[in-house]
Amino acid sequence: MFNHNKRLQYTVRVGESNPGLANLMLEQFGGPQGELAAAMRYFTQALAEEDPGRKDMLLDIATEELSHLEVIGSIIAMLNRGAKGRLAETIDQHAEMYRALQGAGNDSHVTQVLFGGGPALINSAGVPWHAGYVDTIGEPTADLRSNIAAEARAKIVYERLINVTEDPGVRDALTFLMTREIAHQKSFEKALYSMDKSFPPGKLPGDPRFTDVYVNTSLGEGDRTGPWREGKGFTEVLVPGEDTIPVNGGDGHADVGLSTDEQAAVDAFAERGASDPTRDPVTGADLGTLQQEAAR
Ligand code: MN
Ligand code: MN
């Protein structure tokens with residue numbers, strides 16, 4: 001079960017009202033790299049996790065992400081608080097109100113009118129949060145890698161948000177949230193490499209003929225080398241050509257075994273749609289061109 005502690009994980013001290021900035025902060029509330037997406041990602045992974053250590057870690061981090069959702073949501077509510085009061089109590093002239101709510105020139109006026117200044121489950125562009133932000137596949141070696149990347153992306157979005165505000169209190173709280181994503185990335189990396197077998201993902205080994213091959217398909221000027229193609233673990237650089245493709249031999253065409261009925265139907269279908277390369281029929285484009293020439 002969940003318990004709620006009435007204190008935030010980190011004290012939030014916002015300097016002044018700023019509805020435009022509040023709207024940018026929505027990115028980490030209801031956006032793809034935001035705290036709700038992170039919490040749902042780790043919570044759902046934890047429920048199906050078989051390893052007791054990883055399960056405990058995922059529940060710890062999922063619950064902390066919900067606590068971050070509370071912190072970023074509180075920042076948004078504080079940044080919107082003044083504008084909410086002004087709008088609710090109509091203390092400004094209408095035009096003045098509209099100007100004030102537009103803040104930094106983004107859609108903050110929409111957020112105020114539609115959501116009353118509260119943190120809505122949308123990103124900074126107004127896109128509603130959705131479960132498609134969570135890409136869990138149910139295999140720890142794949143999910144941990146995705147979690148590592150998710151933490152890296154969250155860290156970068158926080159960094160960008162820190163760079164758009166001078167409010168020291170907001171910067172301080174965002175720096176805390178950004179820092180925790182670094183710590184989470186470290187935990188997921190440790191969890192990944194503490195598995196007996198983390199690469200390749202899953203159980204089936206790759207075909208040894210192709211696992212250590214780099215395929216150099218972008219040829220010509222600009223061709224470069226590096227450890228990603230000639231480092232440890234790579235034994236061959238293959239350049240696609242007449243003598244190297246298909247890599248498994250054969251005629252390089254796709255084939256399927258069809259029943260007699262299926263073959264007859266496919267043949268009839270192909271015949272019905274066959275083109276005649278010897279015909280050069282008059283088309284609408286030709287008629288239009290003729291018409292134009294006649295008019296000249
Ligand atoms: Mn977080
Ligand atoms: Mn995190």
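The following legends describe close-up views of a predicted model.

**View 1. Aromatic pairing between Tyr 10 and Phe 176.** The structure holds 4 aromatic pairs. In one of them, Tyr 10 and Phe 176 are stacked, with ring centres 4.5 Å apart and an angle of 15° between the planes. This pair links distant parts of the chain, for Tyr 10 belongs to the segment before α1 (19-25) and Phe 176 to helix α8 (residues 168-193). The two residues are 166 residues apart. Tyr 10 has a relative accessible area of 23% and is partly exposed, whereas Phe 176, at 18% relative accessibility, is buried. The two residues fall into separate classes because buried requires a relative accessible area under 20%.

**View 2. Aromatic pairing between Trp 129 and Tyr 133.** Trp 129 and Tyr 133 form an aromatic pair with an edge-to-face arrangement. Trp 129 is partly exposed, with 21% relative accessible area. Tyr 133 is buried, with a value of 16%.

**View 3. Packing of helix α4 against helix α7.** Helix α4 (residues 52-88) packs with helix α7 (residues 140-162) at an angle of about 25°, and their axes are 14 Å apart. The two helices are therefore roughly parallel to each other, and α4 passes α7 in a left-handed crossing. On the side of α4, the contact is made by Arg 54, Met 57, Leu 58, Glu 65 and Ile 72. On the side of α7, the contributing residues are Pro 140, Leu 144, Asn 147, Glu 151 and Tyr 158. By class, the residues of this contact comprise 6 nonpolar, 1 polar and 3 charged.

View 4. Ile 72 is placed in helix α4 and is buried, with a relative accessibility of 0%. Residues up to four places away in sequence being left out, Ile 72 touches Met 25, Gln 28, Phe 29, Glu 35, Tyr 158, Leu 174 and Leu 177. One of these, Tyr 158, is also listed for α7 in the contact between α4 and α7, to which Ile 72 contributes from α4. Ile 72 and Leu 174 are 102 residues apart in sequence, and their C-alpha atoms are 8.0 Å apart in space.

**View 5. Packing of helix α3 against helix α7.** Helices α3 and α7 pack at an angle of about 165°, with 11 Å between their axes. They are therefore roughly antiparallel to each other, and α3 passes α7 in a left-handed crossing. Helix α3 contributes Glu 35, Arg 41, Tyr 42 and Gln 45 to the contact. The contribution of α7 consists of Asp 143, Ser 146, Asn 147, Ala 150, Glu 151, Arg 153 and Tyr 158. The contact residues divide into 3 nonpolar, 3 polar and 5 charged.

View 6. Gln 45 lies in helix α3 (residues 35-48). At 8% relative accessibility, this residue is buried. Apart from residues up to four places away in sequence, Gln 45 touches Leu 58, Thr 136, Asp 143 and Asn 147. Among these, Asp 143 and Asn 147 are also residues of α7 in the contact with α3. Leu 58 is listed for α4 in the contact of α4 with α7.

**View 7. Packing of helix α7 against helix α8.** The axes of α7 and α8 come within 9 Å and cross at roughly 160°. The helices are therefore roughly antiparallel to each other, and their crossing is left-handed. The residues of the contact comprise 14 nonpolar, 5 polar and 7 charged.

**View 8. Asp 60 in helix α4.** Asp 60 is found in helix α4. With a relative accessibility of 47%, Asp 60 is partly exposed. Asp 60 and Gln 292 are 232 residues apart in sequence and 74 Å apart in space, from C-alpha to C-alpha.

Key. Residues numbered from 1 in each chain as written. Chains lettered and ligands numbered in written order. Predicted model: local features only at pLDDT ≥ 70, side-chain atom pairs only at ≥ 80, totals over all residues. Heavy atoms only, no water. Phe/Tyr/Trp six-rings, centres within 6.5 Å; stacked < 30°, edge-to-face > 60°. Helix = DSSP H or I, 4+ residues; strand = E, 2+ residues; numbered from the N terminus. Buried < 20%, exposed > 50% of the residue type's maximum accessible area, 1.4 Å probe, protein only. Axes fitted to C-alpha atoms, helices over the stretch in contact; angles between N-to-C directions. Parallel < 35°, antiparallel > 145°, perpendicular 65-115°, else oblique. Left-handed = near helix turned anticlockwise from the far one by under 90°. Contact = heavy atoms within 4.5 Å. Nonpolar A, V, L, I, M, F, W, Y, C, P; charged D, E, K, R; others polar.
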